[in-house]
Amino acid sequence: MVKSDNIISPKKEEIIKSILEVLKEPYQYARDMHIHNEIATFKRDWVGMYNLRDAFDQLRKLLIHLFEDDDNSKANRELAEMEAHLYRAILEGAQNVTEVYLDRIDKKLKPRILYRLSFVDAPSETEITTAISSAKEKIEHGRNYKPKNWKEAAKSFKEAEDILKSLEQRLPSSNEIRYRLVILGCTIIALLIGTGIGHFF
Amino acid sequence: MAVHQMDEMDIHEIEERLKIEVGEVRQPLGSAGGYLISPTYGVENEKEREERKKRIERRFFSEKSRW
């Protein structure tokens, strides 16, 4: 709680309202994105954490400029900096999630012959290409919108994430393919041995 | 007051100057789910992150990419 006997001027009041606006939407979004990023990637989102820390640091300076130094223009500058850090936390996080999914898909994708040989239920070549192309378009759209419109950029990254997440879930795991191929190989060997023994007797 | 002076200030001094009363420390509401499982998360260093970024650029966004 800030205890101050100073009368708040209309200009100061305006700045305080702007602070509340920033804390209302961009901060909430940045915090949610930070948590989502960690849950989706299983890694600590230190880029988001640094940006949130820096945003908080700007808020500290802002309050000192506003109430201690009585310098509204400097306070406004700090507010803009704080907002920029929050946007960075949101968009870097959103982009990072899409990159992690792309990396997982890249590692999970196997030559089609393996899917056929192991009889796994895998998406077709066309489905994979369409999903990746569509996600790439969304990511590029998000990158382009980063400096212009953070909400639009975040929306595009989220759409790309949804596409990639769904594709990643549909791709069979390497273990499944491996076990199926081992079972298939064992069956073929057993059949060959059985046939050989049948011919011998 | 200059910014570098503020950077050098002790947190207690800032609290005193801003006349802030620090109450009980609370966990942010709504984050509980995320923080509960956070000890299981790994830590990715900057080099690994940069390498992944480059790998993604090369595999998916370069002109040679098959996608």
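The following dialogue explains how several features of this predicted model may be read.

Me: Where is the confidence in chain B lowest, and where is it highest?

Reply: One begins with the overall score and then looks at each element. Chain B has a mean pLDDT of 72, and 60% of its residues reach 70 or more. Within chain B, helix α3 (residues 32–37) has the lowest confidence, with a mean of 51. Helix α4 (residues 46–61) of chain B has the highest, at 92. Over residues 25–30 of chain B, pLDDT stays under 50, and the model has two contacts beyond four places in sequence for this stretch. For the model, the scores are ipTM 0.74 and pTM 0.76.

Me: How many helices and strands does chain B have?

Reply: Chain B comes to four helices and zero strands. Its pattern, read along the sequence, is α-α-α-α. Of the 67 residues in chain B, buried residues make up 3%.

Me: At what angle do α4(A) and α4(B) pack?

Reply: A helix pair is described by an angle, a distance between axes and a handedness. Here, helix α4 (residues 72–108) of chain A packs against α4(B) at an angle of about 65°, and the two axes are 10 Å apart. The crossing of these two helices, α4(A) and α4(B), is left-handed.

Me: Which residues of α4(A) and α4(B) meet?

Reply: From α4(A) come A:Glu99, A:Leu102, A:Asp103 and A:Asp106. From α4(B) they meet B:Arg52, B:Lys53, B:Arg55, B:Ile56, B:Arg59 and B:Phe60. Sorted by class, this contact of α4(A) with α4(B) has seven charged residues, three nonpolar and no polar ones.

Me: How many residues does the largest nonpolar core have?

Reply: The general idea is that nonpolar side chains tend to be buried together in soluble globular proteins. In this model, the largest nonpolar core has 35 residues. The residues with the most contacts inside this core are A:Leu86, A:Ile90, A:Leu91, A:Ala94, A:Ala154 and A:Leu164. The largest share, 14 residues, comes from α4(A).

Me: With which residues is A:Leu86 in contact, leaving aside its neighbours within four places in sequence?

Reply: A:Leu86 is in contact with A:Val22, A:Pro26, A:Tyr27, A:Ala30 and A:Ala55.

Me: What is phi near in A:Phe42, and what in A:Asp70?

Reply: In A:Phe42, phi is near 60°, a positive value in a residue other than glycine. A:Phe42 is found in the loop between α2 and α3 of chain A. Phi of A:Asp70, also positive, is near 55°, and A:Asp70 is in the loop between α3 and α4 of chain A.

Me: Why does A:Phe42 count as exposed?

Reply: A:Phe42 counts as exposed because it has 12 C-beta neighbours inside 10 Å. A:Asp70 has 12 other C-beta atoms within 10 Å and is therefore exposed.

Technical notes
Residues are numbered from 1 along each chain as its sequence is written. Chains are lettered from A and ligands numbered from 1 in the order in which they are written. This is a predicted model: local features need pLDDT of at least 70, side-chain atom pairs count only at pLDDT 80 or more; totals for chains, interfaces and linings use all residues. pLDDT is the predictor's confidence in each residue, from 0 to 100. Two residues are in contact if their C-beta atoms, placed from the backbone, lie within 7 Å. Axes are lines fitted to C-alpha atoms, for helices over the stretch in contact, and angles run from 0 to 180 degrees between N-to-C directions. A crossing is left-handed if the near helix is turned anticlockwise from the far one by less than a right angle, and right-handed if clockwise. Ala, Val, Leu, Ile, Met, Phe, Trp, Tyr, Cys and Pro count as nonpolar, Asp, Glu, Lys and Arg as charged, and the others, Gly among them, as polar. A nonpolar core is a set of buried Ala, Val, Leu, Ile, Met, Phe, Trp, Tyr and Cys residues joined through C-beta atoms within 7 Å. A residue is buried if 20 or more other C-beta atoms lie within 10 Å of its own, exposed if 12 or fewer, and partly exposed in between; C-beta atoms are placed from the backbone.
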